[in-house]
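I opened this notebook to look up a few things in one structure. The entries follow in the order I made them.

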Amino acid sequence: MAGGRPRGFDVDEALDRAVEVFWRQGYEGTGISDLTRAMGINPPSLYGTFGNKEELFRKVLDRYTDGPARYIREAFEQPTARAVVERLLHGAVDGTTRPDCPPGCLTVQGGLASAPAAEGARDEMATRRRMGETFLRARLEQARIEGELPDDVDPEGLARYFATVHQGIAVQAAGGASREQLHQTVDLAMRVWPSRADA
């Protein structure tokens, strides 16, 4: 801020620490004292820089999307719909079983259960998950139009199936499933990929 006192901490580093706290403890299980302790700042600095807990959580979700979950964006850069889905699911396995991060996925683990006071954060996570499914459905619709998928394929149903597998990977990882086991699960899930009769 022009004319204001300079911040005595690195904002990106503080956000990274907040990501880990929310990821490990969930939205509702994380208190302001947990955040300030992990981020190395006091409550006035937290509120002054990031807003309230819910506003901070939205920034954390953005940071998570650009960091540990960037495999999602990279998956959609693949040249075929099948490659998109394979990269998405195998990327989810690698992202939810990283030894340097909490197991599971922030957007799934963060809001599986929440009290009414946490509805805003829960709704934000649900919206982001729905958005991912919407993007996937659009990519599958494009694949059907371009002839990669058979004409009788239901892109909406297929997108819902793979979105369910994607979220299930996070739940299984949080429950202790190994990376090898989850990659095998992805390989099994890909067997439902519709093939063209003339392929």
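UniProt positions are given in the numbering used here, feature names are shortened, and annotations may be inferred rather than shown by experiment. I am working with a predicted model, where local features need pLDDT of at least 70 and side-chain atom pairs count only at pLDDT 80 or more, while totals for chains, interfaces and linings use all residues. Residues are numbered from 1 along each chain as its sequence is written, and side-chain values use heavy atoms, with hydrogens and water left out.

Entry: the annotated span. I looked up the unreviewed UniProt entry, and its annotation "DNA-binding region" covers residues 31-50. I found that span to be 80% helix and 0% strand (DSSP runs: helices are H or I of at least four residues, strands E of at least two, numbered from the N terminus). Its end C-alpha atoms lie 15 Å apart.

Entry: I noted that the axes of α8 and α9 come within 8 Å and cross at roughly 135° (lines fitted to C-alpha atoms over the stretch in contact, with angles from 0 to 180 degrees between N-to-C directions). The two helices α8 and α9 are therefore oblique to each other (under 35 degrees is roughly parallel, over 145 roughly antiparallel, 65 to 115 roughly perpendicular, the rest oblique). For α4 and α8, I have axes that come within 10 Å and cross at roughly 25°. That makes α4 roughly parallel to α8.

Entry: the largest pocket. I counted 25 lining residues, with I72, R128, R129, G132 and H166 nearest the centre (a pocket is an open set of points on a 1 Å grid over the protein atoms alone, where a 1.4 Å probe fits, with protein on both sides within 12 Å along at least five of seven lines; lining residues have an atom within 4 Å of a point). The largest share of this lining, seven residues, comes from α8.
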